[in-house]
Amino acid sequence: MKYFDAHAHYIGKRYNKDRHRLLTHMHKNGVEYIVNSTSTLELEEGLQLAKEYDFVYLSIGDNAAYTSGPEGDKYISDEMLERMIKICQRNKKVVAWGEIGIDLRREAERSKEYPNGTQNQIYWFKKQLDAAKQVKLPVVIHSGDACQMVFDILKEADMPNYGRGRGMIHCYLGTPQMALEYIEMGYLISVTGVVTHKSARGRNLVEVVKKVPLENMLIETDCPYLTPEPIRNERNDSANLKFVAEKIAQIKNTTPEEVARATTANARAFFGIS
């Protein structure tokens, strides 16, 4: 089986000791491609990783967590936005803009120090959507306890399709109905190891997977986070996509081979990787 990890985070100290060993063994584990999500502070490392490994591609952009507080100026600015646009225009390994979006999970705590945090997130989310339009790349969308807000902004933004989809909803945790509405709008639903968890969110994601056709689905690890069962307490990596594919196959009464085949084909088309 061949897997495509549509969203991973291989930059950071949790991989410093064995990143090269992990990535050089990915093909042995059936992992054909990886899209590494890279923030502005990780740009140089991300570009180098994509240069070193031919099967590693990049999505670049700034997550909501980096744009809501006083620390946001370290990450995102008009100057940085222009730099990212230029990188996208000249580097073919950059295949998407993101992850971008809104995250309200810690906003109540942040608001005591930075009362305009949510508005700042919305401002930079919209500016990065415009930048993605400018460079003609699909978007990778993050939504933390802000499902309806993000949905409404994307609907208003009316992102271009470019013949391969407007974007992917990374680590989807919304309702089954909203997932179907996203599909109608031209977005793909990306499923993580949460689908294997026995938590309320895991059970909700099972219901989503039941409703979403395989042709509208991607799979991802979001590693080093969201490790699937039966190894949930360990650090995650792309080799664990097999557990996600097995669970989806069980839910949809099909085979892991069919899940891997369909989601890999979807990802290659979406990211424009022939």
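**Note on a predicted model: sheet, helix packing and local backbone features**

1. Pro230 lies in the loop that connects S8 with H9. Helices (H or I, at least four residues) and strands (E, at least two) are DSSP runs, numbered from the N terminus. The peptide bond between Glu229 and Pro230 is cis, with omega about 10 degrees. Pro224 also belongs to the loop between S8 and helix H9 (241–252), and the bond from Cys223 to Pro224 is cis, with omega near 15 degrees.

2. On the basis of the note: this is a predicted model, in which local features need pLDDT of at least 70 and side-chain atom pairs count only at pLDDT 80 or more, while totals for chains, interfaces and linings use all residues. Residues are numbered from 1 along each chain as its sequence is written, and side-chain values use heavy atoms, with hydrogens and water left out.

3. The sheet is open and has eight strands, in the order S1-S2-S3-S4-S5-S6-S7-S8, with parallel pairing. Its edges are strand S1 (3–8) and strand S8 (217–219), each of which pairs on one side only. From one strand to the next, the twist averages 30 degrees. Two strands are taken to pair if DSSP finds at least two bridges between them.

4. Two of the pairings may be described residue by residue. Strand S2 (residues 31–38) and strand S3 (residues 56–60) run parallel and are joined by five bridges; Asn36 has Leu58 in S3 as its bridge partner. Strand S6 (residues 167–169) is joined to S7 by three bridges, again in a parallel arrangement, and Gly167 has Tyr187 in S7 as its bridge partner.

5. Strand S7 (residues 187–191) has five of its five residues buried, so it is largely enclosed by the rest of the structure. Here buried means under 20% relative accessible area, exposed over 50%, and partly exposed in between (1.4 Å probe, protein chains only). Tyr187, Ile189 and Val191 point one way from S7, whereas Leu188 and Ser190 point the other way.

6. Leu218 is in strand S8 and is buried, at a relative accessible area of 0%. Residues up to four places away in sequence aside, Leu218 touches Ala6, Met168, Leu188, Ile189, Ser190, Val191, Thr263, Asn266, Ala267 and Phe270. Contact means heavy atoms within 4.5 Å.

7. Helix H7 (residues 176–185) packs with helix H8 (residues 200–211) at an angle of about 40 degrees, their axes 9 Å apart. Axes are lines fitted to C-alpha atoms, for helices over the stretch in contact, and angles run from 0 to 180 degrees between N-to-C directions. H7 and H8 are therefore oblique to each other: angles under 35 degrees count as roughly parallel, over 145 as roughly antiparallel, 65 to 115 as roughly perpendicular and the rest as oblique. The crossing is right-handed, a crossing being left-handed if the near helix is turned anticlockwise from the far one by less than a right angle, and right-handed if clockwise.

8. In that contact, Pro176, Ala179 and Leu180 of H7 meet Asn204, Glu207, Val208 and Lys211 of H8. By class, the contact has four nonpolar, one polar and two charged residues (Ala, Val, Leu, Ile, Met, Phe, Trp, Tyr, Cys and Pro count as nonpolar, Asp, Glu, Lys and Arg as charged, and the others, Gly among them, as polar). The buried residues of H7 are Pro176, Met178, Ala179, Tyr182, Ile183 and Met185; their cover includes helix H6 (147–157), S6, S7 and H8. Gly186, which follows H7, has a positive phi near 100 degrees.

9. The axes of helix H3 (residues 78–90) and H5 come within 10 Å and cross at roughly 25 degrees, which makes H3 roughly parallel to H5. This crossing is right-handed. Asp78, Leu81, Met84, Ile85, Cys88 and Gln89 in H3 meet Trp124, Lys127, Gln128, Ala131, Gln134 and Val135 in H5; by class, seven are nonpolar, three polar and two charged.

10. Cys171, in the loop between S6 and H7, has a positive phi near 50 degrees and counts as buried, at 14% relative accessibility. Asn253, in the loop between H9 and helix H10 (256–271), has a positive phi near 55 degrees and is exposed, with a relative accessible area of 73%.
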